[in-house]
Amino acid sequence: RRSLLRRPNHFSSFCGALSSWHWPRMCDTNLAVPYRRPDFGLASREARGHLMGRDVGGALVRRDAACDGLATRTRSQRKRSEQGRAMNFLLLLALISAFGLWAYGRIAPHWGLVDRPNARSLHEQPTVVGGGIVPVTLIVFYLATAALPELSGSVPLLIGGLMLLGLADDKWGVPSGIRLACYLAAGLALMLIVMPPEKALSPTSLIITLAGAIVVTWCTNLFNFMDGADGLAIVQFLCVAVGLGLVSLFGAFEAHDLVMLCALLFACCFPFLWFNWPPAKMFMGDAGAIPLGFSLALLGLCAFKSASILACVWLILMMPFLIDTGLTLCIRTLRGQAPHVAHRDHAYQRLAIKMGGALPVTLGLLGLQVVWQFPLAVTAVSGQVFPPLLVVLSAIPSLFVVVYARARA
């Protein structure tokens, strides 16, 4: 009996040895071999803490990724919602513009706003004039509501003031010297608003500001010069707004305000195309041509401020009007004729007289914009060709038209 008690209990020894070992879990992949608690207990806790930290870190990463995805979806939904509201508001402006033009056509004859044919006119019947006051009023209202913060200050006042100046010219007539001085003052103010000079006014910045004011004045005046054939000026205006807006929207540019301005101008002025399409039932008059030409200059300044390539796009789209007015006035000046006196010497006027109406000229301008000017504008943005070279190429068809009109018409 004593011998049995003194005999070693192999089973209990085996159980004790087994209990002194700690076998790792399957998830502890970093622990390749078992270890004894007395020797490696601290290492076990550190390993488990490392694994737990790695699991928590992975969970945090997954949570951050989910939050980022949710934030991205929220931003995209908010952006789509804002775009939807903007599109609805622009559609509302277009409907208001159409109704306003219809009402203006009924009221204007009672106010004496009727353009009667004269030696310079290309129309034969008395036509309502000053219809541009309706879309310009909507443009001023939209800009004044601070929808575009950079343009919501004095820009609506400048456009509204030019509209009133044009309306007075349509009704009573304003001397050309006063009108030119007002254009130059508005151009200088626009340059100081959109592209303000440095605090320390240097001769270079002063020259740039004055040159920009002259360009704005010229753009305002040339659009008024070209508003002499049914549908011609409004087609050019819409082509520039649509072309520049599409290029700015789908190009890699940060030009949100420019895109919205183009959309605004298109929405407000597109209904006028129905009333001004040959044969015109309504003319925009100086009340529309002067502020809309000023708005085209505003588009050019905003494009130049956003990216120099967009300025080239603006030049390409404006080239038909730039070539016609520039060459015609240079020729008249060289001949000793007053450039500011009304005349019928522009290429579009010669072609309209030769072809018996304004419709072929207007359709030709539209085709030129679609087939030549807009593809060159898209190519300029793509960067495959040197943009100034494309600006030069864009002038070739317009030069040919002017030469042909002066030689044959």
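Is Leu 366 buried, partly exposed or exposed, and what is its relative accessible area? Leu 366 is partly exposed, because its relative accessible area of 33% lies between the 20% and 50% cut-offs. The legends below describe a predicted model.

**Figure 1. Overview of the predicted protein.** The model is predicted. Its secondary structure comprises 15 helices and 4 strands. The protein has 409 residues, and 43% of them count as buried. Among contacts with a separation of 6 or more, 73% join residues 24 or more positions apart.

Figure 2. Leu 366 belongs to helix α13, which covers residues 359-382. Neighbours within four places in sequence aside, Leu 366 contacts Val 235 and Cys 239. Leu 366 and Val 235 are 131 residues apart in sequence. Their C-alpha atoms are 6.8 Å apart in space.

**Figure 3. Helix α8, end to end.** Helix α8 runs over residues 232-250.

**Figure 4. Helix α8 packed against helix α9.** The axes of α8 and α9 are 9 Å apart, at an angle of about 150°. Angles over 145 degrees count as roughly antiparallel, so α8 and α9 are roughly antiparallel to each other. Their crossing is left-handed. Residues on the α8 side include Ile 234, Val 235, Phe 237, Leu 238 and Ala 241. The α9 side includes Leu 258, Val 259, Cys 262, Leu 265 and Phe 266. By class, this contact has 17 nonpolar residues, 3 polar and no charged.

**Figure 5. Phe 270 in helix α9.** Phe 270 sits in helix α9, residues 256-276. Phe 270 is one of the α9 residues that meet α8. Its relative accessible area is 43%, so Phe 270 counts as partly exposed. Pro 135 is 135 residues away from Phe 270 in sequence. In space, the C-alpha atoms of Phe 270 and Pro 135 are 8.9 Å apart.

**Figure 6. Helix α7 crossing helix α10.** Helix α7 spans residues 203-225, and helix α10 spans residues 285-306. Their axes come within 8 Å and cross at roughly 140°. α7 and α10 are therefore oblique to each other. The crossing is right-handed. From α7, the contact involves Val 216, Cys 219, Thr 220, Phe 223 and Asn 224. From α10, the residues include Asp 286, Ala 289, Ile 290, Leu 292 and Gly 293. The contact of α7 with α10 divides into 10 nonpolar, 3 polar and 1 charged residues.

**Figure 7. Arg 332 in helix α11.** Helix α11 covers residues 308-334 and contains Arg 332. Is Arg 332 buried or exposed? Arg 332 counts as buried, because its relative accessibility is 9%, under the 20% cut-off. Residues up to four places away in sequence aside, Arg 332 touches Gln 337, Ala 338, Val 341, His 343 and Asp 345.

**Figure 8. Helix α12 and its cover.** Helix α12 spans residues 347-355. Its buried residues include Ala 347, Tyr 348, Gln 349, Arg 350, Leu 351 and Ala 352.

Note on methods: Residues numbered from 1 in each chain as written. Predicted model: local features only at pLDDT ≥ 70, side-chain atom pairs only at ≥ 80, totals over all residues. Heavy atoms only, no water. Helix = DSSP H or I, 4+ residues; strand = E, 2+ residues; numbered from the N terminus. Expected span 1.5 Å × (residues − 1). Axes fitted to C-alpha atoms, helices over the stretch in contact; angles between N-to-C directions. Parallel < 35°, antiparallel > 145°, perpendicular 65-115°, else oblique. Left-handed = near helix turned anticlockwise from the far one by under 90°. Contact = heavy atoms within 4.5 Å. Nonpolar A, V, L, I, M, F, W, Y, C, P; charged D, E, K, R; others polar. Buried < 20%, exposed > 50% of the residue type's maximum accessible area, 1.4 Å probe, protein only.
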